[in-house]
Amino acid sequence: MSKSNFSRRGVLKTGMVASAGMALPQYLRAQDGGFTNAPGDSDVVLGFNVPQTGPYADEGADELRAYELAVEHLNGGGDGGMMSTFSSDALEGTGILGREVKYVTGDTQTKSDAARASARSMIEKDGAIMITGGSSSGVAVAVQALCQEAGIIFMAGLTHSNDTTGKDKRANGFRHFFNSYMSGAALAPVLEAAYGNNRKAYHLTADYNWGYTTQEAVQSSTEAMGWETVNTVLTPLTQTDFSSYIAPVLNSGADVLVLNHYGGNMVNSLTNAVQFGLREAQANGQNFEIVVPLYSRLMAKGAGANVKGIFGSTNWHWSLQDAGSQAFVRSFGTKYGFPPSQAAHTCYVQTLLYADAVTRAGSFNPCAVAEALEDFEFDGLGNGPTLYRGEDHQCFKDVLVVKGKENPDNEFDLLEIVEVTPAAQVTYPADHPQFAGGALGTCNPGA
Amino acid sequence: MSTYVENPSGTLKSTFLTLAFLFAAFWGSFLILRTVIGFSSGDNFSIQQYILQILNGLDKGSAYALIALGLTLIFGTLGVVNFAHGALFMLGAFVAVTVSNLLSLSHKVVDETRTDFLGNPLQVEVPYMYDLFGQAAGDVIIDWAVPISIIIAIPIMVAIGFIMERGLIKYFYKRPHADQILVTFGLAIVIQEIVKYFYGANPIPTPAPDAFVGSFDFGIALGFQANEIIYPYWRLVYFFFSVVIIGAVFAFLQFTTFGMVVRAGMADRETVGILGINIDKRFTIMFGIAAAVAGLAGVMYAPINSPNYHMGMDFLVLSFVVVVVGGMGSLPGAVAAGFLLGILESFASISQVIDMIPGINQIIIYLVAIIILLTRPRGLMGRKGVMEE
Amino acid sequence: MLGLEKKDFRLLLIVIGLTMLAPFILNPFPAGSEMAQFNAGYPDLMQRFVIFGIFAIGFNILFGLTGYLSFGHAAFLGAGSYGAVWMFKLLSMNVLPAIAISVIIAGLFSLLIGFISLRRSGIYFSILTLAFAQMSFALAYSVLTPITGGETGLQLALDDPRIFGASQTATGNIPVPALFGLEMRSSYELGVGSWLFTFNAGYYLAAVFMIFAFYMSIRIFRSPFGMMLRAIKSNQTRMSYTGLNARPYTLAAFVISGMYAGLAGGLMASMDPLAGAERMQWTASGEVVLMTILGGAGTLIGPVLGAGMIKYFENIFSKINETILHGWFAFLPDGLENVVVAMIYPFIGKGWHLTLGIVFMLVVIFLPGGLVQGGQKIAAAFRRKKPEDAKPNATEPAE
């Protein structure tokens, strides 16, 4: 193994031989280019901040695999993955702007405090120029605000709440992942086609920000097509047994149950709903149906056979047939032996997008990078033609509506793609009421 | 112990009083709920909905009661605050996972007609059980993994309990509670991380046998319409299972000489020791029993919610609350508190109640715990002087 | 000196020395070397050391002296940080009013909870405090979202009023917390040879608060009030026979330790202006209990050591990943390197919890008095050695 040097200080030290008394304000390193943690000439450090302990540890581990793969590809190793299908050909496999890409990792513990502590250590100790990762909106919003303050670019990982690019958006933060609104907009037509427009929905919603925005999005888009919302019930985050929330559903007059849950909540509430026979039940003369707005393959695995036939939406799935997805699945699968998750995909793409933006801008300065990313249109990264909208730093791309597969071929083959909803159908104006409040502000280079 | 009634006529009387109290509580709480809900939202809260929530409460309560029972046994007999008790519950669930993995242990056969995600020929997994017993019988065995693991879990959990007690806990009998908390918390983390290392952090689906899939229609049995009160078979099994386990533990303590000595030891450890009885050995066995009770609760819980490595921590705080609300050193108290909190939690999750008091479902358990501890200084049935210093 | 005995004054001086020189002590390895991974001398972690030190010192005043084990102390820290962030949102970015309000809020909150919970003792008291804290957490995470920010935490925004300050800076950013213009995040770096030392304004502010908190704690430990609290711990019944009512004393101790927690919360928000609900969860309360016991409950310096140890593991061990391990053992032949890495890997990075759990067990098994006892043992060993050196013929004592 090569001897590695992860610290920016390692670069600085050569210029600081025995210079006791020479003091520099940390955030005013003008000679380094006028922005926080300007990299040296040989390498550049990225910070991968993912959950490594707690309930999302497996998702975090998959994100980390994707990051390692991305670094390998950026440095010219491996088969290059999506770099060959990416519409922008600025990246050449020579690192970023000729500097070798190094990385540091940290544990968010899926807690905003721990995530910020970890991100701050990457910025202050390791000299990271960009922070990326995360598997929940709470963490994404918290770290995004921190990066804004410190003058670092934040490339969000898996975060689905509207707030990340809505009321909590920041000029230094960028999100490739889709959001609650898009889930609702993509799901509604599919649900209408499958279940008709004379339906009565019952929502169980996780009692925190992400749950609220998802319920709002799904409720408004299904009501727009004629569904009626019978009841909405908030469930505690720490709930493990949802029986007392599920049991009354069958007699409520509803014929569709929407589970606005993610992670362990979703696994348990779906398992419980199937236990209570909701999937086989009849109500109002129709088959009773269950909908899970945000699907993840890892979580679908936890729910086992219970996901069969249940609709949901997802950002990306490995069975997509476009060249970009195929290339990514091939290099990820060859390296690790199993297909990547949607979290891995979004993290890989975010890393490439960042590297590409730096290369096109010709600078690591966050403001230059932000400018290069804003209103950037690209293709070949797995979701069709995509726009990084400048007004709110949200990506607009196709959204997948998926369904739990009835007869899976293997343990990864749990979801089947029902429809690829075109980007136009999930695009909304930046001042949409579901994204109201908050302001992007101006980009902060930290200097 | 004052809570154990020794003379038979007294037992009859107290049984009757208990039943009368339960009957009154059942209808009383229904009428209160109905009135309050009707008054505030105009909805008619039906008896069917009520019965459904009682069932939910009993079901949740049986998990709480089982975990709390083991916890309070250790508290009561050994005076040890065992923060690793949740981990024992989790280990039980993972015994079920492991057994089901072992039973479906497979070898790979290449199927040339299909391809995997990379386009290579698909390797189909064929369980060894198919080779041994044929596909039909093999499927049945794999299907019954969870019930099979009950039998396997008992010796495993007892052994784990023995090892824990002899290897670690016994050195902490005379140490302050704070030290016990630190060491058992450390142990819980270690156990948890070992499980995570082998099984990952994601939940692992462990379904019940097909025979128990589906729901029982209480509504028809009680004269209501079909589908009005249905309850999953496995959850009913869980409830009856816990009643049997709780009954067995009580009978063991009540009717065996061993149990008598342990109860005497719980009441006054020193005197029993002076009488020349080796109480330590019995306490080791009690620790094994407590571990087995927690483990069985975990095994049976696996089909209800897919087990994950931190499920023990999720239950830990709750089971402490249950034990303390029940009263330190009281087994009946722990069981009663388990069911009481389970039922109240279910009531608090009725949507009309949440609409009336937002957030009540988030805090109900703690709120009830506070009210009970402030009105009854030692919980429902606690004894004076236990863990009060 | 300062109303302290000689021994206590010496301890205070040691603590002052350690905190002031922390940037040197915590960065023992040259920047860029392989061992630099273990350096803890960067602002965020140094701030956390002293802030959690304050939290644990305060907790120890209650637990170490009275024996009352509160399992809900994180609620006061959380309430304090919410108070501080609201001050940043409404008033100005000056940290002093924010810290003041966080101490006041935590004090009032602990007065309320303490007044109710102290009606019970032993484990009943622990569960009451736990219940209050868990209720605070659950509500802060969900229905109180408009006040607390819920899942995403309470944050500053560009359109906050900040009536005595600016809503946004000239460049259109949110202003950062400062002490009369001295930004908490500003640092000076000192390079000596290949070593690099960081002196952070926020750290030194927090360190001054911690030294003050430590001094107050010594005074409390040595005061008649402290004696009274110890009497409660050793035998409350006997104390009540002498006609003394223990409640006012325990309540005072509870509120004082609650205010310490609030101070920690306020400082935390000042260093990093965000308050999340997880700060109030039982795991956070459990953490301070563990810190105190790990370091040595009832000792003056123990809780600070325990806090430092846990935070060090959390922030340093969790960041070591497989690539770094391979870097360390690159000198070994490839096969051996992989074996060594595979053996160590489960204990670092995503396995840092495992290491922490093992450390808890080892410390409590072998050092019943916590880390402080470990220190005493080492000191005793040195002291024993000196006379032995003087008498080379002395036989080794059998151990």
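Leu97(A) counts as partly exposed because it has 16 C-beta neighbours inside 10 Å (the class lies between buried, 20 or more other C-beta atoms within 10 Å, and exposed, 12 or fewer, with C-beta atoms placed from the backbone). Bear in mind that this is a predicted model, where local features need pLDDT of at least 70, side-chain atom pairs count only at pLDDT 80 or more, and totals for chains, interfaces and linings use all residues. Residues are numbered from 1 along each chain as its sequence is written, while chains are lettered from A and ligands numbered from 1 in the order in which they are written.

**Positive phi in chain A**

- Leu97(A) isn't a glycine, yet its phi is positive, at about 50°.
- You'll find Leu97(A) in the loop that runs between α2 (57-74) and β3 (100-107) of chain A (helices are DSSP runs of H or I with at least four residues, strands are runs of E with at least two, and both are numbered from the N terminus).
- His393(A) is another non-glycine with a positive phi, here about 60°.
- The loop between β15 (386-388) and β16 (395-396) of chain A holds His393(A).
- His393(A) is buried, as 25 other C-beta atoms lie within 10 Å.

**Where chain C touches chain A**

- Here 51 residues of chain C are in contact with 56 residues of chain A (contact means C-beta atoms, placed from the backbone, within 7 Å).
- On the chain C side, the elements giving two or more residues are α3 (43-66), α6 (122-141), β4 (187-192), β5 (195-200) and α14 (322-328).
- β4(C) gives the most to that side, with six residues.
- By class, the chain C side has 16 nonpolar, 25 polar and 10 charged residues (Ala, Val, Leu, Ile, Met, Phe, Trp, Tyr, Cys and Pro count as nonpolar, Asp, Glu, Lys and Arg as charged, and the others, Gly among them, as polar).

**Where chain B touches chain A**

- In this interface, 40 residues of chain B are in contact with 38 residues of chain A.
- Elements giving two or more residues on the chain B side are α2 (47-78), β4 (230-232), α8 (233-255), α13 (331-348), α14 (351-356) and α15 (360-375).
- α2(B) gives the most to that side, with seven residues.
- The chain B side splits into 14 nonpolar, 18 polar and eight charged residues.

**A helix pair in chain B**

- Helix α3 (residues 85-103) and helix α12 (residues 311-326) of chain B pack at an angle of about 135°, with axes 7 Å apart (axes are lines fitted to C-alpha atoms, for helices over the stretch in contact, and angles run from 0 to 180 degrees between N-to-C directions).
- That makes α3(B) oblique to α12(B) (under 35 degrees is roughly parallel, over 145 roughly antiparallel, 65 to 115 roughly perpendicular, and the rest oblique).
- Residues that meet include Phe89(B) and Met90(B) in α3(B), and Phe315(B) and Leu316(B) in α12(B).
- The residues of this contact are eight nonpolar, four polar and no charged.

- An unreviewed UniProt entry annotates residues 44-405 of chain A as "domain: Leucine-binding protein" (positions follow the numbering used here, feature names are shortened, and annotations may be inferred rather than shown by experiment).
- Residues 44-405 of chain A are 40% helix and 20% strand, with end C-alpha atoms 43 Å apart.
- For chain B, an unreviewed UniProt entry places "transmembrane region" at several spans, including 144-169 and 316-344.
- Residues 144-169 of chain B are 88% helix and 0% strand, and the end C-alpha atoms are 35 Å apart.
- Residues 316-344 of chain B are 86% helix and 0% strand, and their end C-alpha atoms lie 19 Å apart.

Methods: Two residues are in contact if their C-beta atoms, placed from the backbone, lie within 7 Å.
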